[in-house]
Amino acid sequence: MIYPKIPLAQSVIEIFKAKGVQHIVISPGSRNAPLTIGFTSNQDFQTYSIPDERSAAFFALGMAQQLQKPVAVVCTSGSALLNYYPALAEAFYSQIPFIVVSADRPKDKIDIGDGQTIRQENVFENHSLYNANLAENASKDNDALICNAIDIAIDKCGPVHINVPFEEPLYQTVNELQVSVNITTLEKEPNEPIDFSEFLHTWNTARKKIVLIGGMYPNAVEKQYIEALGNDTSVLVLTEATSNVHHNNFINHIDTLITTFSEEDFENFKPEILLTFGGMIVSKRIKAFFRKYKPKAHWHVDTLRAYDTFGVLSQHFKIDANQFLKIVYQNTLPNNSNYQHEFLKINASRKINAAQYLEHIPFSDLKVFEVLLKHLPHTIQLHISNSSPIRYAQLFEIDSSIEVFCNRGTSGIDGCTSTAIGAAVTTSKPTVFITGDIGFFYDSNALWNNYIPHNFKLILINNRGGGIFRILPGHTENEVFNTYFETQHTLTAEYLAKMYGLDYFSAQNLEDLQQTLPYFFENNDAPKILEIITPTTINDEVLLHFFEAMR
């Protein structure tokens, strides 16, 4: 076995092995050479080399998202480290275990004009759950810091930063370990017991309850509790594409339901209790609704944290969703409310109106999403990028066998492709990624990656600009808007696909798309890109008229 000669590097590697951190994404560099040598020489680790640090971090994030275990990224000193920040912030808000390991100069080399040197200690302080600033020599204190960082990443499901100073020479190796590490375990704080009697009384006497479910892992909620919620006539369950829960009595097109509500409708829709599970909510309309029409109580169920998204959070239950629902439905009393039935009836009419409208619309972003989501293969993993794509996807049915993911922690476009590829590496399921053109070109270095699985398929909807800005308030057709907001362009992905060895397909109208999709999906012998060119200027009108048609 080959080990780096520097004892501190040996300590890091041995503790990672002891703690079961197996996946290491390395950004090539010099100062991190002792760690690179150690991780790549040890068969206990699966290592990956991703040159672009921002892409590397999102690639690791996608892996951690799927594994639900920490994945580490390792970089050299200097500005390389700062490129990890967007993915680290996403991990923080999406509650994904994530470890950043940065090589650094010794303290006496900081701020004296040495090259590739910045103030690395605590650089992620606002979004890191723990910062382990190691001293240069191996020690029990350093071991404890490393152990604490890994334990917190696992226990608190979030990002941590381990900063490791190395002095040259960096590349020397030895054949035997020179350290004996001290493995410690973080003590978990027990949650305070909850007296449910008052909450159960409130639940049983309320005739209007909304359960709003944000982003969740597939199969996170047991089927028996999904059935219990779906069959409770006093409960209206609102889900999103990323919720990954399904029932015939759940409403999964929130915006389609509520956009055309009158003041009277909103008052009738307003619940006495709002119960929330899962991560961030995509729908801006439902957030605006609850901020204006505040329920009497908002309960959030999550083992770690609760955000006061609507300004009315009254209780955070720090338990698992299944534990909570078990307690509730073991003690639920019969309730003859027609609340659920009333709004399911409205929702059914919305579906009819939507189908009639979509039948006659021109080729546009909305039409493309209708066709794409109908033709997706079953039992795949679907990743959707931020901005317009995730919002369009919310308007359509997605088969219940499909697992849906999106980086909604910070809702950025910056690493969605890299995240989807990282996630695809961890699963045997075919992975489809749907993205817009601005997000795709922004993260095009995601394709500079030797690990893209053959069953990875990327669908690029190219309307030649940031089309969402035409939908948002403030759209004016002039040079400033087109250049500085929409960022119009004439780029295509054809030559990027060739450069990175991906099969390339294209479609420029509905007939092209319908003919191409079967060939695009039919085999998994190479990663593929399908680029769909849509009009630039009509998408906002088509979408606006869609919501008007719901009336």
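A: Asp-255 counts as buried, at 16% relative accessibility, where buried means under 20% relative accessible area, exposed means over 50%, and partly exposed lies in between (1.4 Å probe, protein chains only). This is a predicted model, in which local features need pLDDT of at least 70 and side-chain atom pairs count only at pLDDT 80 or more, whereas totals for chains, interfaces and linings use all residues. Residues are numbered from 1 along each chain as its sequence is written, and side-chain values use heavy atoms, with hydrogens and water left out.

The place of Asp-255 is in helix H8, which covers residues 254-258; helices (H or I, at least four residues) and strands (E, at least two) are DSSP runs, numbered from the N terminus. If residues up to four places away in sequence are not counted, Asp-255 touches Ser-283, Arg-285 and Phe-547, a contact being heavy atoms within 4.5 Å.

With one of these residues, Arg-285, the side chain of Asp-255 meets in a salt bridge of 3.5 Å, N to O. Arg-285 lies in helix H10 (residues 284-292) and Asp-255 in helix H8, so the pair ties together parts that are 30 residues apart in sequence. A salt bridge here is a side-chain nitrogen of Lys or Arg within 4 Å of a carboxyl oxygen of Asp or Glu, and in general side chains of opposite charge can pair when their charged atoms come close.

The side chains of Asp-111 and Arg-119 meet in one of 2.8 Å, N to O, and here Asp-111 counts as exposed at 55% relative accessibility, as does Arg-119 at 62%. Lys-367 forms a salt bridge with Glu-370, the closest N and O atoms being 2.9 Å apart; both residues lie in helix H13 (residues 365-375), 3 residues apart, which is about one turn of the helix, and both Lys-367 and Glu-370 are buried. There is also a network of salt bridges, which links Glu-14, Lys-17 and Asp-44.

Ala-393, in helix H14 (residues 388-393), is buried with a relative accessible area of 1%. Leaving aside neighbours within four places in sequence, Ala-393 is in contact with Phe-369, Leu-373, Ile-384 and Ile-398. Ala-393 and Glu-240 are 153 residues apart in sequence, yet 9.3 Å apart in space, C-alpha to C-alpha.

Around these parts stands the whole protein, which has 21 helices and 20 strands. Its radius of gyration, taken over C-alpha atoms, is 25 Å, close to the 24 Å that the globule rule (2.2 Å times the number of residues to the power 0.38) gives for 551 residues, so the protein is as compact as a globular protein of that length. Along its principal axes the C-alpha trace spans about 70 × 60 × 45 Å, and buried residues make up 56% of the 551 residues. Among contacts between residues at least 6 apart in sequence, 76% join residues at least 24 apart.
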